[in-house]
Amino acid sequence: MKVWAIGVSVIAVLIAGYLMWPAEVDMSSPSENTALATVVLPDELSDRAKMGKSAFEAKCTVCHGNNAVGQAGVAPPLIHKIYEPSHHGDEAFQRAVSMGVRAHHWPFGDMPPVTGLTRADVDMLVAYIREVQRANGIN
């Protein structure tokens with residue numbers, strides 16, 4: 001009887017999760033209502049981070065949203081404790097861009113490689129992400 005009750009409970013949780021899961025999102029233009037995080041921007045960005053922000057806006061915003069807030073049903077926020085330097089170092093971003101990455105923290109599916117970015121571009125992109133992370137207490 002106890003096993004049956006646990007099984008019914010698990011099924012109920014799975015159904016509730018499915019029903020609450022966000023619908024597909026139009027990835028062509030990120031919108032504020034799909035943001036997964038609230039992000040505080042730094043008062044000023046370094047020159048490297050400014051260049052990184054341009055690269056981010058050109059290549060990453062379509063999935064990760066404006067200022068890396070993430071998008072429901074599309075991609076995770078990069079301004080999140082999971083992406084702090086001690087857990088996802090700078091090289092993790094390099095590898096994600098060049099090779100893509102298998103989904104492992106979030107239920108968004110695999111990230112494909114991003115074309116058209118050099119290692120130097122990604123270094124600046126990471127500088128932008130790290131400066132925004134620090135402005136949000138992620139060190």
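Biologist: Which exposed residues does the face of α2 turned away from its buried side carry?

Modeller: This is a predicted model, where local features need pLDDT of at least 70, side-chain atom pairs count only at pLDDT 80 or more, and totals for chains, interfaces and linings use all residues. Residues are numbered from 1 along each chain as its sequence is written, and side-chain values use heavy atoms, with hydrogens and water left out. Buried means under 20% relative accessible area, exposed over 50%, and partly exposed in between (1.4 Å probe, protein chains only). On the face of α2 turned away from its buried side, the exposed residues are Asp47 and Ala58.

Biologist: Which residues of α2 are buried?

Modeller: Look down the axis of α2: its buried residues fall within an arc of 115° (directions from the helix axis to the C-beta atoms). They therefore line one face of the helix. Those buried residues are Ala49, Gly52, Ala55 and Phe56.

Biologist: How far apart are the end C-alpha atoms of α2?

Modeller: Helix α2 covers residues 47–59, which makes 13 residues. The expected span is 1.5 Å times one less than the number of residues, so α2 should span 18 Å. The model agrees with that, as the end C-alpha atoms of α2 are apart by 19 Å.

Biologist: How many helices does the protein have?

Modeller: Helices (H or I, at least four residues) and strands (E, at least two) are DSSP runs, numbered from the N terminus. The protein has zero strands. From the N terminus on, its elements run α-α-α-α-α. The count of helices is five.

Biologist: What share of the residues of the protein counts as buried?

Modeller: The protein has 139 residues. Contact means heavy atoms within 4.5 Å, and of the contacts with a separation of 6 or more, 68% join residues 24 or more positions apart. Of the residues of the protein, the buried share is 32%.

Biologist: Which elements do the buried residues of α5 pack against?

Modeller: α5 has 17 residues and reaches 24 Å from its first C-alpha to its last, close to the 24 Å expected at 1.5 Å a residue. Its buried residues include Val122, Leu125, Tyr128 and Ile129. The buried residues of α5 pack against α2 and α4.

Biologist: Within what arc do the buried residues of α4 fall?

Modeller: In α4, Phe93, Gln94, Ala96 and Val97 are buried. These buried residues pack against α5. They line one face of the helix, because the arc they fall within, seen down the axis of α4, is 165°.

Biologist: Which residues is Gln94 in contact with, leaving aside its neighbours within four places in sequence?

Modeller: Gln94 is found in helix α4. Its relative accessible area is 5%, so Gln94 is buried. With neighbours within four places in sequence set aside, Gln94 is in contact with Arg119, Val122 and Asp123.

Biologist: How far apart in space are Ala96 and Met111, C-alpha to C-alpha?

Modeller: Ala96 is in helix α4, residues 90–99, and is buried at a relative accessible area of 13%. Beyond neighbours within four places in sequence, Ala96 is in contact with Val101, Met111, Pro112 and Pro113. Ala96 and Met111 are 15 residues apart in sequence, and in space, C-alpha to C-alpha, the distance is 7.5 Å.

Biologist: What volume does the largest pocket have?

Modeller: On a 1 Å grid over the protein atoms alone, a pocket is an open set of points where a 1.4 Å probe fits, with protein on both sides within 12 Å along at least five of seven lines; lining residues have an atom within 4 Å of a point. Points are joined across faces, edges and corners, and volume is the space filled by probe spheres set on them. For the largest pocket, the volume is about 720 Å³.

Biologist: Which of the 33 residues that line the largest pocket are the closest to its centre?

Modeller: α3, α4 and α5 each supply at least two residues of the lining. α4 gives the most, with five residues. Of the 33 lining residues, the closest to the centre are His64, Pro76, Ala96, Val101 and Met111.

Biologist: Is Ala68 buried or exposed?

Modeller: Ala68 is found in the loop between α3 and α4. Its phi is near 60°, a positive value in a residue other than glycine. At 1% relative accessibility, Ala68 counts as buried.
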